[in-house]
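Me: I've got a model open and want to go through it. Can you take my questions one by one?

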Amino acid sequence: MKNLRQIVTKAVVAKGKKRTESKETLCPPNKPTSILGCWVINHTHQARKSGKYVEVSGKFDVNVWYSHSNHSKTSVFTETISYKDRIRLHYRDEPTSRHEEVLVNVIQHPNCTEAIISKCGEKFVICVERELIAEVIGETKICVTVHPHTFEEEWPIRDESSSHHHGQHHDHKDKHQDHGKGHGHGHKDDHHHGHGRKD
């Protein structure tokens with residue numbers, strides 16, 4: 001146990017995911033003849049933790065392009081829809097402090113899967129799906145093994161001493177100079193021998 005240490009750090013301590021399908025009823029100002037298109041935009045949300053749940057409050061805009069007046073005119077009807085989702089959390093381990101941070105990621109933004117005209121012929125019935133995942137970040141304890149200070153991982157280290165490098169350069173230079181001097185001295189001797197032949 002003397003080589004084990006407990007470290008307090010931040011980590012994801014809980015997660016939750018929820019997929020929701022809902023039907024929204026919209027009332028356009030004109031009696032619709034047909035639906036030409038439907039799309040969902042401007043999704044925003046905020047979240048807070050409540051016990052074992054994360055409560056997400058959000059809203060989005062539903063836009064319906066439709067014909068009316070017996071297919072003689074078209075219009076776009078827009079309505080803002082609000083929602084509240086409760087995402088149940090599943091803890092991996094309990095946090096060591098009460099200070100927690102909640103993050104919500106959107107796996108599937110609100111999306112229209114079906115748009116029809118109601119049986120009464122005056123409203124839209126829109127099916128919307130969405131999927132959210134919640135994460136709770138808190139302080140938790142982890143256990144690590146402490147190695148002795150003498151432990152060192154094997155590395156392919158080569159000696160790159162600067163003094164050794166300069167020494168090699170200096171020796172090379174000396175050898176070059178000695179070689180030059182020997183060559184010059186031999187040339188001078190040949191010259192003197194030639195002068196002797198003139199005598």
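Me: How many bridges join strand 3 to strand 4?
Reply: 16 bridges join them. Strand 3 covers residues 53-68, and the two strands run antiparallel. Strands here are DSSP runs of E, at least two residues long, numbered from the N terminus. Two strands pair if DSSP finds at least two bridges between them.

Me: What kind of model is this?
Reply: This is a predicted model, where local features need pLDDT of at least 70, side-chain atom pairs count only at pLDDT 80 or more, and totals for chains, interfaces and linings use all residues. Residues are numbered from 1 along each chain as its sequence is written, and side-chain values use heavy atoms, with hydrogens and water left out.

Me: What holds strands of a sheet together, in general?
Reply: They pair through backbone hydrogen bonds, either parallel or antiparallel.

Me: What sits between strand 3 and strand 4 in their hairpin?
Reply: Four residues lie between the strands. S69 is found in that loop. The phi of S69 is positive, about 55°, although S69 is not a glycine.

Me: How exposed is S69?
Reply: S69 counts as partly exposed because its relative accessibility is 42%. Buried means under 20% relative accessible area, exposed means over 50%, and partly exposed is in between (1.4 Å probe, protein chains only).

Me: What about N42, what is its phi?
Reply: Positive, about 60°, and N42 is not a glycine either. N42 lies in strand 2.

Me: New topic. What is the order of strands in the four-strand sheet?
Reply: The order is 5-1-7-6. That sheet is open, and its pairing is antiparallel. The edge strands are strand 5 and strand 6 (100-117), each pairing on one side only.

Me: How many bridges does strand 1 make with strand 7, and how many with strand 5?
Reply: Strand 1 (residues 4-26) pairs with strand 7 over 22 bridges. With strand 5 (residues 90-91), strand 1 has two bridges. Facing strand 5, A14 has Y91 as its bridge partner, and K15 stands opposite H90.

Me: And who is the bridge partner of K10?
Reply: E139, in strand 7. Both K10 and E139 also line the largest cavity.

Me: How many cavities are there, and how much space is in the largest?
Reply: One cavity of 30 Å³ or more is counted. The largest holds about 40 Å³. On a 1 Å grid over the protein atoms alone, a cavity is a set of points where a 1.4 Å probe fits but cannot get out; lining residues have an atom within 4 Å of a point. Volume is the space filled by probe spheres set on the points, and grid points are joined across faces, edges and corners.

Me: Which residues line the largest cavity?
Reply: K10, H99, E101, I137, G138 and E139. The largest share, three residues, comes from strand 7 (residues 124-145).

Me: How do the lining residues divide by type?
Reply: One nonpolar, two polar and three charged. Asp, Glu, Lys and Arg count as charged; Ala, Val, Leu, Ile, Met, Phe, Trp, Tyr, Cys and Pro as nonpolar; the others, Gly among them, as polar.

Methods
On a 1 Å grid over the protein atoms alone, a cavity is a set of points where a 1.4 Å probe fits but cannot get out, and a pocket is an open set with protein on both sides within 12 Å along at least five of seven lines; lining residues have an atom within 4 Å of a point.
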